[in-house]
Structure formats: C-alpha cells, structure tokens
Amino acid sequence: MLQLVGLLELSEDERRVRHLLVTLFQEVFTEFFPGCAIMPFGSSVNGFDTRGCDLDLLLDLEPTKSLQASTQDAPGAGSGSGAEDSILSDIDLAAMPAPEVLELVATVLRRCVPGVRRVRAVPTARRPVVKFCHKQSGLAGDISIDNRLALLNTRFLQLCTEADERVRPLVYAVRLWAKQQGLAGNPSGGGPLLNNYALTLLVLFFLQTRSPPVLPTVARLRDLAGDEDRAVVAGWDCSFPRDVASLEPSTNTESPCSLLSEFFHVFGDFDFPGQVISLREGQALPLPPPTAPETSDGLKLGPLNLQDPFELNHNVAANVNEKTASRFGRCCRDAAKYCRSLQYRHKSSKGRAWGLTRLFQPGAVEPGAASAGTFLISIPLDGTGSSSQQLCQEPGGRGPWFWEVCTAIAFILRDVLKCSCAAGKPPRAPSKESKLPVDSAPSEELPTESDVEEPSAAEPLSVGSKRHLPEATNGTTLPAEKRPRTNSPEEAATWSCAVWHRVWTGRRRVRRQLQHGDGPEGPDGDSLELEQKVSEAIVQQEGTEQPLQPLLRFEASARAAGTRREMRVLLRLVPSPVPPSPLFRDFFHFLQSFLPATVRRRLGQEPAGCPEPQDEGGGEVFSTS
C-alpha cells in the first residue's frame, strides 16, 4: 500500500511545476488586483494528490477591496497606496456583481497569462469558477473567488494525513479500487459517481469509528482548538487545531491491509439511504422526519447521505443515485469476501494475480477473472422495463436479449469508434438446435450468478480456489468431458479487434465543435450519430491514409451474467501482446465509461442528458499482468 502511494502521488518535479504556475498567476494578478493572493487548495495540496489532478486555486480579492476602500476614504493618499497604480484602479470590486468579477478574472487569464488557454467562466456552478488549461504543463485547473470553506477543508485533510501514517495508504487504496470498479469519476465530470472527496471522507469516517479510533471526530477537534485556531466561515464553525501536536496519538494498532478489509466489510452492509454519515459526530445519524425533500438544515437527502465535516447542509454524495449506491455496497461485499481469501494474503504459486494487485483490477473480484492480461467491463442493463421483463422470461434469463447487446457492442466498436472487428461468430440468436463452434468460445468462462454465491460454512472456498467435481448418480466423479457447464456455448460472442486511430482522445472538444457548428438543427448531444461524427472528425485530423499497422490489437469476448433483477453482460478484453501497453490502458479507461452508457443508449435504455464519458484520462492503472 505504501508502494501504491509512491506510484500515484505527484513527483517532486510535478510539485515544482505547480508551484511555479501558482507563482506566475500571483505575479500577473497582482498587477490587476494589488494585494490579492492566489492560494492552492484541493488535491494538489491536501495530502491525497495524484498525477494529473486538477490545480484548484482561490483568488482572494478581500485585500484588494480593502485597499480600494482606503483609497476612496483618503483620496489624498496618492499613488503610494498601491490601489491607484492598478491597471483596473477605476473598477470598484466591492460594488461589482460576482458574475462580472468572474468574467473579469477570465479576461485577465485569457489575455495576460502566458500559456493559458481554453478559459471559461462557469458562474452557475455551486461554487462559481473560471476553468483553464495551461499548455506547457498540460495542467487543467479552476480559479474561484469565494470558496474559503475549501481552504479549511484542505487544511483538515492535511491534519488527518499528519495524524496517522495509515490514512494516506488507505485513502489511495480505496480511491483506486473505486475507480477500477467504475464507482468513482472526475469530480467535475458530473454524473452519479462518487468523487474523490466523498471517498476520502468515507475513509476518514471509517477511521473515526474504529475501536479504538484512528482519527478523532470533528467535534473533538473543535474542543482541542486553541484561540488562534478559531474560524467561522459563512456561518459554519470550522475550528480545529492547525498543529498535529495538539492531537492525542491513536492507540489503534490495526495494519493498513487489515483496515482496508474492514472498510469493505463495514460499508458492504451499511444502510446508506437510511442514515446520515456525520464526520462531526463520528457516527451515522438517523434521518430527520420526511417532511420535505431537504432537512431543516438544508441537507439534501438521497441514496447516499455523506455530510460535509463543516458545511453541514452539504451532502457531498448528493449526486449519487440509487443504482450507484447499491452497486457500491455490492462491490464492497465482493471485495470483503476476496479479502478473506488466501489470494489476498499469499502469493499465487501459479503466477496469478494476488493480493492488492488483483483487488485493483477492473472487475478484479469477479471469480474467474484472475488470468493474466485480462480486462473486464461490466455492462449493467435495466431490468425494470417491459422489454426487459420479456427478456427475463427466457430460460435462465438468457436468450435474444444477450445477442441484441452483442450486436450493440459490435456496432459501437466498429461503426462508432472505427475499430476493425472480426467476429468468431456473428452475434445473433441461434436456433434451439444450433451451437457455436468450440473455437468461438473464450478460453475461460465468465461467472454466472451461481458462481458468485457464498460457500457454505462446512466447505469454505476462497476466491479462485477449485470447486469439487460434480458427482454422478452412483457417487463417482464425473470426468472432465461430462461436467455440466454453467454457461452454454450459445451465450458467448467473440471478436478480434484492431484500433487504428486515437478516437478516445479529445472527444469532448470535437463534440462541442460539431454541436456548435451544426447549430440547433444538428444531431442531438446524446445521439450515436453525433458520436460517429466525432470519431470521423478525429480520424480526419490524424490523416485520411490508413496507418500501416494498427495502434492496438485485442480479443474481446462477451458473456451474460447477473440475475433477473440485475442483468448484465461482462465484456472481457485481452490485449495483444501481453503485457499491455500504456496506450491500451488509456483506451480501456475510456471504454470503461463510454461503452456501457453507449450500449444502453443503443438499446434505448439510456435517458437523454446522460453525462459525457470521461475520455481524456490516462492515469496509471493496475491490470492483471
């Protein structure tokens, strides 16, 4: 877990680049707003930084407003006050509406800071910001002008990392696990996924509830705060010690790996919709009476209620929907089960992935998913519609619906993303008598729901361990060729795929350009027609000639899984060659968010207005290799 932190945290060079960029911003903005201060907060400085994380900045204009006020009160003070020397000395910041101040900041960024591009003011956000990118460093970031609570949240997280050395490894591990399971996303990307801040607070809450506790509650921190630590922002008491020496050392001796296992165990059976997770009190609080959608304190309730430690009317996980909250609990249960297995504690004698490595793989705790160089994408389907009810009437919950999903997968890979796809067997519903040829089935079977059930107490099975061979009616063991298969060959589809262009890079930018160019009569923002045009535009930008060799090759196989209530298709990708290249990892990360939503859209199950897929990532990932 310590190695994981070293792999994911910012390097010293990256920290130095961010420091230089903050210094550059400070110099430029001081010319326009004398006395102002640029202060970084968030992931870059809160102790949980990751490579490529955004640069969040607060532009403090209060000193500038004070200078302007003093100049107006004493007009004979001359230019020595500083405010009169400002380029914007004729603008009264105190009287200017916040959206106009935001636009002014955006103008300064756009015209006066070298290397800054793609500047955009977002005054309608919960915390209004100016977004930007810096060309030379490749950093993206935000500048806010009224977000002092974020500064104190950052200092609080820093204090937690200093209070106990186990905090950082545990947070990094949980965040990577959630990302690989498709439970977490970019905090600015919208959608129903958990953001890193919410996951971090869940870990801190868990550590507060251990016996004995690893971290103190926020209420206890308030009691330990000295006079110099007192702070009230926007009416909220944000008092806590700034010096970690003021804290009492924890007497808890649990190891980080043991804490990780217990984290999954605790939240696997947690009543998320029925309680409010409070870091201030260090316990789950009962919900208030359902008199209104929001409580008397303004806390918006939902499937997962996670209260900010200081801004008590802010539900940090308010965007999470019921499906994501339920899947988070289910994934925690699967992870807790894996953490009880021998594969979590002991190295595999057969060279298979084990320990944390397997836990951090996409779909890693799915039984049967531990073969080297394999990547899994789960495509959940809506089991509540009338069409789905009809599909569930098929024997075993399988049938034509599975082949409709396979057809959608092939269409998206081939027609939307411009990949070459040669199918081992056309994805269509076979007749009752027909069977796919043996060589069209994948080398390893994906699990059905029966494979994932808990073993009995009398016969414990660790994840990845062999099951007893089924017995015939006379008590003898059936030979291999007569063992019943959990998935029949009719329920598999395979493709050999090649990727020729980087159609996953820059999709958001190209999509916006096409939507703007087509005007109101252009394709809908959620249509597959638009996604096809995006890929075609990227291909044209790279050049009309076909490359001599594809960028990537991989084998894909799809299998049905799940239950009647939670139908899904598991898509397995095996890159060639193994181990996979970083380019394949980038492509896979894109497919993780793009493919499931687009398949559902193709099948008419994805509602309009769904969030854009995160397509410009490319951070480090732990695969099975």
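# Close-up views of a predicted model

**View A. The end of helix 14 and the residue after it.** Helix 14 is followed by K418, a residue with a positive phi near 60 degrees. This is a predicted model. K418 is not a glycine, yet its phi is positive, at about 60 degrees. The residue sits in the loop between helix 14 and strand 12 (420-423). Is K418 buried, exposed or partly exposed? With a relative accessibility of 27%, K418 counts as partly exposed.

**View B. Helix 14 along its length.** Helix 14 covers residues 400-416. How far apart are its end C-alpha atoms? They are 23 Å apart. At 1.5 Å a residue, the 17 residues should span 24 Å, so the two values agree. Of these 17 residues, 12 are buried, so helix 14 is largely enclosed by the rest of the structure. The buried set includes the aromatic residues W401, F402, W403 and F411. Also buried in helix 14 are V405, C406, A408, I409, A410, I412, L413 and V416.

**View D. The pairing of strands 4 and 5.** Strand 4 spans residues 129-134, and strand 5 spans residues 139-144. The two pair in the antiparallel sense. Their pairing runs over 6 bridges. Which residue of strand 5 is the bridge partner of C133? The partner is A140.

**View F. R118 in strand 3.** R118 lies in strand 3. Its phi is near 50 degrees, a positive value in a residue other than glycine. How accessible is R118? The relative accessible area is 46%, so R118 is partly exposed.

View G. W177 lies in helix 6 (residues 167-180). Is W177 buried or exposed? W177 is buried, with a relative accessible area of 0%. Leaving out residues up to four places away in sequence, W177 touches the aromatic residues F264, F328 and F360. A335 is 158 residues from W177 along the chain. The C-alpha atoms of W177 and A335 are separated by 9.3 Å.

**View H. Two cis peptide bonds.** The peptide bond from S211 to P212 is cis, with omega near -5 degrees. Where is P212? P212 is in the loop between helix 7 and helix 8 (218-224). The peptide bond from S576 to P577 is also cis, with omega near 5 degrees. P577 belongs to the loop between strand 15 (567-576) and helix 17 (582-602).

**View I. Confidence along the chain.** The mean pLDDT of the protein is 78. A value of 70 or more is reached by 73% of its residues. Where is confidence lowest, and where is it highest? It is lowest in helix 13 (residues 386-391), at a mean of 44. It is highest in helix 7 (residues 196-208), at 97. Over residues 366-372 the pLDDT is below 50, and this stretch has 26 contacts in the model beyond near neighbours in sequence. Residues 384-397 also have pLDDT below 50, with 14 contacts in the model beyond near neighbours in sequence.

**View J. The whole protein, for context.** The protein has 625 residues, and 47% of them count as buried. It contains 17 helices and 15 strands. The accessible surface comes to about 29,900 Å². Carbon and sulfur atoms hold 51% of that surface. Among contacts between residues at least 6 apart in sequence, 70% join residues at least 24 apart.

Conventions:
Residues are numbered from 1 along each chain as its sequence is written. This is a predicted model: local features need pLDDT of at least 70, side-chain atom pairs count only at pLDDT 80 or more; totals for chains, interfaces and linings use all residues. Side-chain values use heavy atoms; hydrogens and water are left out. Two strands pair if DSSP finds at least two bridges between them. Helices (H or I, at least four residues) and strands (E, at least two) are DSSP runs, numbered from the N terminus. Buried means under 20% relative accessible area, exposed over 50%, partly exposed in between (1.4 Å probe, protein chains only). Contact means heavy atoms within 4.5 Å. Accessible areas come from the Shrake-Rupley method with a 1.4 Å probe; for residues, only the protein chains shown count as cover. The expected span of a helix is 1.5 Å times one less than its number of residues. pLDDT is the predictor's confidence in each residue, from 0 to 100.
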